[in-house]
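Subject: The structure and some notes on it

Hi there,

Here is the structure I promised to pass on. Please open it alongside this email.

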Amino acid sequence: MLEGVEAPETSNEWNLVTPKNVLVTGITGQDGGHLAEQLIARGDRVFGLVRGQHNPRRQLLELEFPGVTVVEGDLTDPSSLIRAVEIADPDEIYNLGAVSHVGYSFKNPALTEEVSGKGVLNFLEAVRLTGRTEKTRFYQASTSEMFGGLDYNRPGDGYDEDSLFHPRSPYGVAKLYGHWIARNYRESYGMFVSCGILFNHEGERRGYEFVTRKISHAVARISLGLQDKLLLGDLWPKRDWGYAGDYVDGMWKMLQHDEPDDFVLASGETHSVEDFVRQAFALVGIENWRDFVEQDPAMIRPAEVDILLGNPAKAEETLKWERKVNFEGLIKRMVDHDLALESSR
Ligand code: GDD
């Protein structure tokens, strides 16, 4: 373990074998941050694929994780992926990079398909063409947005690995392509490719454009007198929300398992956006939350996923995956974090 790096809260197993070379895309995002933290603590050599010439996120990454080797590359540029794979010579790849905001994907559908869909193919090809189909294990970040939550396809006791897919956004469609091409490479070339079908996972590293962080941040600012209103889209959609650190631990477990496979990671509970808002405001002693919330029509999507609820039984049984943070704990963690952040400014 590197000096000065503490064991991550969410890791309940230690990788006692030789340190691995691990290449991560999307390393500047929420999950990438948790993963870098956990891998570094385990002693692995971490390579992060970062896009663009003057990407400000690169500097933030280098400040937070000086141990990470930055490799320039882009999921839409196959030759850059081949180069990245040759530089990192990875034992494991975590493909977390994507256009990940569902609302944004309606405005930029072609870019979304290029990055979140075809980017997966580009990356798998880079592994194959560099002769690493046997050496490199590949994690594909699939998503519960592939299910869709329509009337004919309600989750019942929870969507699992065999449930029907009916994506409702360009993002969901792109991710479904990524999911199937990943499975195809597993079946065609015998590659160790595992897909994590992750339900919503949040936390203090979450971007402000996602609803939970938008809420926790606004609630903190409103309670401190720094902001008057919270503008939101629909409050009725229901999501299955968990803590990102727990889910990243699950990704790692998928690549340590004996066999490649697909696994749902979820909390097994569903709550509306309104539930999240009400509970977040209650934590700062505000019960009349409706006085502070207004609807922003710009946040309403052309098609919505009404309800998501996952069944994580397979991951719990096979991978011994467990969650440490529940819904209430997640909201408290985020609101407390944003109160401290805004108080210190
Ligand atoms: N972002 C956002 N902003 N969402 C809002 C808002 C708002 O102001 N108001 C209401 N919502 C609703 C959305 O319409 C959606 O129903 C729900 O809140 C959650 O939105 P997001 O937090 O943007 O997440 P998401 O469910 O669309 O997608 C997230 O989870 C997926 C897994 O199911 C993303 O992280 C995806 O990348 C991920 O795959």
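Predicted model: local features only at pLDDT ≥ 70, side-chain atom pairs only at ≥ 80, totals over all residues.

Residues are numbered from 1 along each chain as its sequence is written, and side-chain values use heavy atoms, with hydrogens and water left out.

**The sheet.** Seven strands form an open sheet with parallel pairing, in the order β3-β2-β1-β4-β5-β6-β11. Strands here are DSSP runs of E with at least two residues, helices are runs of H or I with at least four, and both are numbered from the N terminus; two strands pair if DSSP finds at least two bridges between them. The edges are β3 (69-72) and β11 (262-265), and each has a single partner strand, so one side of each is left without a neighbour in the sheet. On average, neighbouring strands are turned by 20° against each other, direction ignored (axes are lines fitted to C-alpha atoms, for helices over the stretch in contact, and angles run from 0 to 180 degrees between N-to-C directions).

**Helix α1.** This helix covers residues 30-42, and its 13 residues reach 19 Å from first C-alpha to last, close to the expected 18 Å (1.5 Å times one less than the number of residues). Twelve of the 13 are buried, so α1 is largely enclosed by the rest of the structure; buried means under 20% relative accessible area, exposed over 50% and partly exposed in between, with a 1.4 Å probe and protein chains only. Those buried residues pack against β1 (21-25), β2, β4 (92-95), β7 (201-202), β10 (242-243) and α8 (244-256), where contact means heavy atoms within 4.5 Å. Gly-43 follows α1 and has a positive phi, near 95°.

**The ligand.** It is surrounded by 25 residues, and the closest are Ser-100, Ser-144, Tyr-171, Arg-301 and Glu-304 (near means a heavy atom within 4 Å). Ligand oxygen atoms lie 2.7 Å from a side-chain N or O atom of Thr-143, 2.8 Å from a polar side-chain atom of Arg-239 and 2.6 Å from a side-chain N or O atom of Arg-301.

**Helix α9.** Ala-282 sits in α9 (residues 273-283) and, at 34% relative accessibility, counts as partly exposed.

Best wishes

Terms used: Polar contact = N/O pair within 3.5 Å; in protein donor to acceptor, adjacent residues only side chain to side chain.
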